[in-house]
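Hi there,

Here is the structure I promised to pass on. Have a look at it first, and my notes come after.

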Amino acid sequence: MDHAAVIEIVDRDGHCRDIHKVRAWPLRIGRSPDCDLVLSDPHLAGVHALVHWDRGEPATEPATERGDAALDARAAPAAGGPVLELLPSHNGAWLDGARLVAGSRAAWPSSALLQIGTTRLRLRTSLDPLPAEKPMSRADEPVKRDARPSWALPALLAVWALMLWVTNWATNDGSATWVDIVSALLAPVGIALIWSALWALVTQVFRHWFAFGAHLWRVLVAVVAMQALEVALPVLAYMFNLPRLLALETLVMSVGAALLLWWHATVVWPRASRGLAVGIGAMCVVGLVLTVGRRTEQQYWLGPNYMATLPPPALRIATPKPVDDFIGGMEALEAPLLKQAQKRNDQAGGSGDNDE
Amino acid sequence: MSRKLLTPGRAAAGAVLLLLLAALGLPVAAQSPPAPTAPIASPAAPASAASQAQPAAPVSASARRLYDRSRAQLLQIRTLYNGSQASVGSGFVVSAEGHVITNYHVVSQHALEPERYRLQYQTPEGDGGDIQLLDFDARRDLALLRVVAKAGDAKTDPKGVVARMTATPLAFRKGSQPLAKGERIYSMGNPHDVAFAVVEGTYNGLVERSFDPLIYYSGSINPGMSGGPVLDEDGEIVGINVSTMIFAQQMSFLVPAEHAAALLARSRDAAPVKGAAWPKLREQLMAYQDELSKNFLAQPWRTLTHPRYRFPIPQEQYMRCWGSGTSADAQGLQMQRTQCRMEHALFINESLQTGYLGVTEEVYDGSKLGALRFANIYSASFRNERLGAPDRDRTAPYCKEDFVQQKDGPPLRAVACLRAYRKLDGLFDLTVLVTNVDAPTEGALGRFEARGVSFANATRLTRHYLQGFAWTTPR
């Protein structure tokens, strides 16, 4: 045994599934327990193949020969190296896709993939140059299960529940029963839990990790942030009389939703975060384009026709204008309206009273 | 009065009826609490049967006499689409040259799309022929037509149909002999394309609080009778059938005959209208909105009693106001609403009525709710105001919004939105939303509406409306 070698059993993805150390040449491969490499593959003969170490012709100094063999292994198998010999069998083998019938011999360079029966084998010897050690990507590091302090998730959940309760309280006029209030609170929480559980299941499938906490954290962060913005934007718009700020709402919602999706997906497919970002970003852009496309006849591409939020008067900072200034400002509407009126629209209208 | 009876079946006919009637009659019922608007007007059919069975024996003699006398001048006006009738109405001959009066809404399809819709007339005997549009008065909902064939011309009128029609044209009753309330008058026309009918009823004077005079007639007129004549005992034209009030009994409206007489005098020798009538319609609407706006702007606002604010409420000269609100012991937000509207709208086409004003004031009291809750619920109410979506007739609303304050008035948030008419260049629908922004638990939400006004008038009306808001006690 002068050349260290291993045979790797390769799965369909090309990853090594199992490894067999070659302890002596020649090596017998087959189904029989007498073989050196026993494969439980019903499409194999008892002893299906032999692997020799061919020393090459005139036997010379082992040291120089070793170097030559390494250099010429591919081009000239005769110069030495592993050689495959097929013993009598029905199915023969394929070496890198080329058919080998029973009884044939062929050099087996380490770049070539051998398929016997349905099993795929690769040979690696000490003559092959060993690739340098690859640096690890972050995604391959062990998952940090304590990325957040343990109180963070319950605390965020509590914050969200409080926000939901306040929103719900503020929108009802005191006539709601406790059943209404509790269900208004539980429904969104339930949806968030189910959503996280589904993502966790997907993560289980791809990464064998039921990442419920990780997904729930992401949902909560996104929802709390978006809900806070949804309150803050109209109030800011009112304070400073900046109604166009409300256009951001639509943007924030779609971009926020896309970011959340991406954040979920990176848990499931950590290696593909860039590809996911491109894909989800493209979806988000398409969605926005469709939204805008539907609104081309409106005054604004995004946002409502007018600012409807009226927070308590103490918050107003903008100073009111005289009526004449307002009327003067109306004049700017005439030209775009007349231009818009030139366009055709075949949408059937309602009666004249549809707006009441 | 309405048209389009047969084609799409009863339900559709009902819907049209409702739309058309809303033109003059009754938005009252359509918008305000007393009568819910849900049921469709299909009861029209049984109602018509009942009303025709009604005439009592002694008076029927004059109805019969009048019908016999005027039947030769009665016509059904049919709008044909691909050879089938798209809508039907009635009309009558008013001159020896073959001039015919009917409603504008009876011929609007032909007027606006002459290349798709043809006009024909049909006599009670079943004879018919082509008829052309000379002029119309959209404001009064009248149209002047003329029979194409010439009386006595053997080529165009071989059977002498036109000669018979024009032999004794119907005459208009003189303006100097006004009718008295309660006088019997007789409406004629072809309801639902069933058969020519004569319906007797009473003259009840003019409709009150109407911008343009309209005769209130107690008698059952039905879709299809639009444009038919209403005659007095002497067989002279008193008015023209135009609309009825839905969900009401025997409440019908007639255009006073003098407007038809004026239209005939004005356009007796006019050439037939060529092409779509949008420019003529626009011209008439422009003149109308100018008169209406001037009149409205000249009126001072009434004020609604409120401890804090003075709200602009229109005079009830030609608008009707209705009040409603939450019950006094209601929990949470309390609301009172005053809704004023002109009930007369101008018919343009099936999907568009215009030429009216409306004001709605809502007063909210949220003292039981607290500032935060009130702000939230009141905002939802402010957000709920509908402005309309872009359609075939009008653009999407374009709005101007800002905080506004007069020298001696409360600070307001004002939103003025306009929609431009696509085919009536220079006409707009205006909606102004106004709310106070100075009280944490009190809301005053106003909405002013003007349909079919010029841009200049829209800005004038907006200014007028905004100036109507003030403190109850000057500060």
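Predicted model: local features only at pLDDT ≥ 70, side-chain atom pairs only at ≥ 80, totals over all residues.

Residues are numbered from 1 along each chain as its sequence is written, and chains are lettered from A and ligands numbered from 1 in the order in which they are written.

Start with strand 11 of chain B, residues 237-244. (Strands are DSSP E runs of at least two residues and helices are H or I runs of at least four, numbered from the N terminus.) Eight of its eight residues are buried, that is, 20 or more other C-beta atoms, placed from the backbone, lie within 10 Å of the residue's own.

Strand 11 of chain B has antiparallel pairings (pairing takes at least two DSSP bridges) with strand 10 (residues 229-231) over three bridges and with strand 12 (residues 252-256) over five bridges. B:Leu231 sits opposite B:Ile237, and B:Gly239 faces B:Pro256 in strand 12. Five residues separate strands 10 and 11 in their hairpin, where B:Gly235 has a positive phi near 80°.

Now the contact between the chains: 66 residues come from chain B and 47 residues from chain A, counting C-beta atoms, placed from the backbone, within 7 Å. On the side of chain B that touches chain A, helix 9 of chain B gives the most, with ten residues.

Best wishes

How values were computed
Buried ≥ 20, exposed ≤ 12 C-beta atoms within 10 Å, placed from the backbone. Contact = placed C-beta atoms within 7 Å.
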